[in-house]
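Trainee: I would like to learn how to read helix packing and aromatic pairs. Can we work through a case?

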Amino acid sequence: MRQFLALSIVLFSIPFVIKRRFIAFVICCIIASTFHKSAILAVGLYFLYPLKFKFRHLIWISIISIISFIFLAPILDQIIAITGYYEGYKGKILLGEETKLASVIKTLIQLIITTFCVLSY
């Protein structure tokens, strides 16, 4: 629930990116990050917006994202072991093998939809 609220605030702030209003966008991201810490990562969208991506760039980004996702679980396990943060997530199905294929397929579908939206824009 919290992450959807944070995502809603970030999506609400997208017009600030388009209009190049950095301070307003950052303020929205900070507000969103009070609900979910990951929302602060959206600040990077401001710097990605003016870049022009070609179709082959999107293909490479998709391939790298899928490969990264496959290796995400061991990396997260190491980060949890080193930092001790999010200890409650260790060993959960989220990081297990059972859902990896389904998650990769879901991520691939999301990337295809996102690519379609970017190319049609």
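Predicted model: local features only at pLDDT ≥ 70, side-chain atom pairs only at ≥ 80, totals over all residues.

Trainee: How is a pair of aromatic rings described?

Mentor: By the distance of the centres and the angle of the planes. This structure holds five aromatic pairs. In one of them, the ring centres of Phe12 and Phe16 are 6.5 Å apart and the planes stand at 85°, so the pair is edge-to-face. Phe16 has 18% relative accessibility and therefore counts as buried.

Trainee: What kind of pair do Phe22 and Tyr46 form?

Mentor: An edge-to-face one, with 4.8 Å centre to centre and 65° between the planes. Phe22 belongs to helix H3 and Tyr46 to helix H4 (residues 43-48), so the pair ties together parts 24 residues apart in sequence. Phe22 is partly exposed at 30% relative accessibility. Tyr46 is buried at 9%.

Trainee: Which residues do ring pairs link into a cluster?

Mentor: Phe22, Phe25, Tyr46 and Phe47. The ring of Tyr46 also has the charged end of Arg20 over it, 4.0 Å from the ring centre.

Trainee: How are two packed helices described?

Mentor: By the angle between their axes and the distance between the axes. Here, H1 (residues 2-12) packs with H3 (residues 22-33) at about 175°, the axes 8 Å apart. Angles over 145 degrees count as roughly antiparallel, so H1 is roughly antiparallel to H3.

Trainee: Which residues make the contact?

Mentor: Ala6, Ile9, Val10 and Phe12 from H1, and Cys28, Ile31 and Ala32 from H3. Seven are nonpolar, with no polar and no charged residues.

Note on methods:
Residues numbered from 1 in each chain as written. Heavy atoms only, no water. Axes fitted to C-alpha atoms, helices over the stretch in contact; angles between N-to-C directions. Helix = DSSP H or I, 4+ residues; strand = E, 2+ residues; numbered from the N terminus. Parallel < 35°, antiparallel > 145°, perpendicular 65-115°, else oblique. Contact = heavy atoms within 4.5 Å. Nonpolar A, V, L, I, M, F, W, Y, C, P; charged D, E, K, R; others polar. Phe/Tyr/Trp six-rings, centres within 6.5 Å; stacked < 30°, edge-to-face > 60°. Buried < 20%, exposed > 50% of the residue type's maximum accessible area, 1.4 Å probe, protein only. Lys NZ or Arg CZ within 6 Å of the ring centre and 35° of its normal.
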